[in-house]
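The following exercises are worked step by step. Please consult the sequence and the structure shown below while reading each solution.

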Amino acid sequence: MKRLVLVLGDQLSQGLSALQEAERESDIVVMAEVAEEAGYVKHHPKKIALIFAAMRKFAQVLQSDGWDVRYTKLDDEENAGSIVGELLRRAQETGAEEVICTEPGEWRLIEKLKYAPVKTRILPDGRFIASHGEFERWAEGRKALRMEYFYREMRRKTGLLMEGEEPAGDKWNFDHDNRKPAPDDVSVEGPLWFEPDTEVEEVLSLVEARFGDHFGDLRPFGFATTRGQALEALEHFVKQALPRFGDYQDAMLESHAFLYHAVLSPYINIGLLDPLEVCQAVEKAWKKGDVPINAAEGFIRQIIGWREYVRGIYFLEGPEYPQRNVLKHDRDLPAFYWGAETKMNCVSHAVAQTREHAYAHHIQRLMVTGNFALLAGVDPYQVHEWYLEVYADAFEWVESPNTVGMSQFADGGVIASKPYVSSGAYINRMSDYCKGCAYKVSVKTGEGACPFNLLYWHFLDRHRDRFKDNARMGNMYRTWDRMDEERRKTVLKDAESWLARLDTGEVV
Ligand code: FAD
Ligand code: DLZ
Ligand code: SF4
């Protein structure tokens, strides 16, 4: 029986379960650039270009490996406009009676494929370290699903940074060493970029014509679009940036968008790199003595810990997860998330960089744009859609737990044991943003007060009932309660009037 093998834009791995299961001689690979996937949110143009260019090049690899690949470009006349539509069209064309595919990374598409009018078999995605079953077994019966304990299981399972049963360096987690503010002598080349070739140029022209109205700069475009290039980017990162990755993981600098970060998530998430091979390259560098343990452990934890854990949560919690809103936040996402003017230098900078690169590193996402949205009480669904649109690495399975759970606390604490909120002091300690800001980070009320300072107390005050008994927040409430009543009233009044100006669209 002839079958179709669906390969999606974030499934560009030769070891993909659907390809493993298929017969090269008789089955037909279907790949399609479709308006529905490119338009379910208004993705950053760089993200669409990355996916289309990498899809086209992966299709060629499969063809030269002997597969019959039916590839549909976005502007092909017969393009049915959706994944299911394309499968039906190709089934008619080839007489195929069944579709096999690897599980998509989004409930939306899983549901569409489950109920497609052509028989479809969905296989587990083997590109992760933990299967759904393993995560469910780990989660079962636990009161709290904390990443740290899951991560230790993944260390044991992979053997990464293990010395027998014990963690290398006698500690599971070196996070304590990884919170240094940015140094004055930043000496790092930044990620490896690639000149677009004629095929990439063709995609860039298409994206420009069709998605020119989406937020974000398409050019210059330098992402890797093949596995070979992605491997070069990995090697470059390990040599150039990894040794200091740990130390400055949380630092932010106006002049260095990437600092010592890897900028590998877009490649891992679309399948050009395998998460385990990335971690093994890092472990190898540590074993050779080229990188310190806090860098290697810090990096490996992000991948076999956080990345696997958030995927587990997404599939455990079910399709409604992105709609959660336990704090009942309902403010509209301010226009400055789309580039409108704001006097807050940290936010303005993080957004500008996002527009330029379709990238911001973790602390910018969590402690600048995420922190602001949470303090200001923005509707978490709008925040979720923003993150899904603007980052090249954003796919719902990884984006929504990070946004809805870790950053907005909208899941009520499934992921975070306390909300990630901070006043301006944190941003000032970890960045150089405050120096060039119209607000004064040292001013707590009145003229020129940093909005993060005002909103921080406003957040704690308005959610007192929920958080007052949280052991990790006791100090925050004690500090608030120690302030005299007049001062507390002034802080809250100033916060309210700042929010009112935000709501009327004044430049704030
Ligand atoms: P590095 O800092 O160099 O880290 C190395 C690798 O670890 C990354 O490439 C990534 O694969 C992995 N990693 C690190 N942190 C996480 C994490 N929290 N969850 C999953 N993987 C992680 N990551 C995405 O891949 N896609 C998203 O859509 C996404 N949305 C986010 C939204 C918010 C609000 C927040 C706070 C974080 C989000 N993250 C997301 C996690 C993290 O910010 C990015 O993985 C990271 O910034 C990618 O850049 P990098 O490759 O330079 O990472
Ligand atoms: C994100 C994306 C985009 C922009 N376009 C396509 C596409 O045209 N064809 C395709 O197969 N996949 C695309 N993708 C990736 C899918 O949206 C992704 O597979 C699902 O969101 C599940 O993770
Ligand atoms: Fe951001 Fe406040 Fe610092 Fe300005 S002063 S950059 S608003 S933290």
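**Exercise 1.** Determine which residues alanine 241 is in contact with, leaving aside its neighbours within four places in sequence.

*Solution.* Two residues are in contact if their C-beta atoms, placed from the backbone, lie within 7 Å. With sequence neighbours within four places left aside, alanine 241 is in contact with Val188, Tyr260 and Ala262.

The model is predicted: local features need pLDDT of at least 70, side-chain atom pairs count only at pLDDT 80 or more, and totals for chains, interfaces and linings use all residues. Residues are numbered from 1 along each chain as its sequence is written, while chains are lettered from A and ligands numbered from 1 in the order in which they are written.

**Exercise 2.** Locate alanine 241 in the chain, and decide whether alanine 241 is buried or exposed.

*Solution.* Helices (H or I, at least four residues) and strands (E, at least two) are DSSP runs, numbered from the N terminus. Alanine 241 lies in the loop between helix 9 (227-240) and helix 10 (242-245). A residue is buried if 20 or more other C-beta atoms, placed from the backbone, lie within 10 Å of its own, exposed if 12 or fewer, and partly exposed in between. Alanine 241 counts as buried because it has 23 C-beta neighbours inside 10 Å. Across the chain, 46% of the 508 residues count as buried.

**Exercise 3.** Identify the residues that touch the most other members of the largest nonpolar core.

*Solution.* A nonpolar core is a set of buried Ala, Val, Leu, Ile, Met, Phe, Trp, Tyr and Cys residues joined through C-beta atoms within 7 Å. The largest such core has 139 residues, and Leu6, Leu242, Leu264 and Val282 touch the most other members. Helix 3 gives the largest share of this core, 10 residues. Leucine 264, its neighbours within four places in sequence left aside, is in contact with Ala233, Leu234, Phe237, Leu273 and Val278.

**Exercise 4.** Describe the surroundings of ligand 1, beginning with the closest residues.

*Solution.* A residue is near a molecule if its C-beta atom, placed from the backbone, lies within 6 Å of it. Ligand 1 is surrounded by 28 residues, of which His261, Ala262, Gln302, Ala394 and Glu399 are the closest. Two or more residues each come from helix 11 (265-270), helix 13 (293-317), helix 15 (362-376) and helix 17 (396-407). The domain bounds come from an automatic or database domain assignment. Domain 2 (132-190 + 241-317) and domain 3 (335-503) each give at least three residues to the shell.

**Exercise 5.** State which residues come nearest to ligand 3, and give the classes in its shell.

*Solution.* Cys346, Gly424, Cys434, Cys437 and Cys450 come nearest among the 14 residues around ligand 3. Helix 18 provides the largest share of this shell, three residues. Ala, Val, Leu, Ile, Met, Phe, Trp, Tyr, Cys and Pro count as nonpolar, Asp, Glu, Lys and Arg as charged, and the others, Gly among them, as polar. By class, the shell around ligand 3 has 11 nonpolar, three polar and no charged residues.
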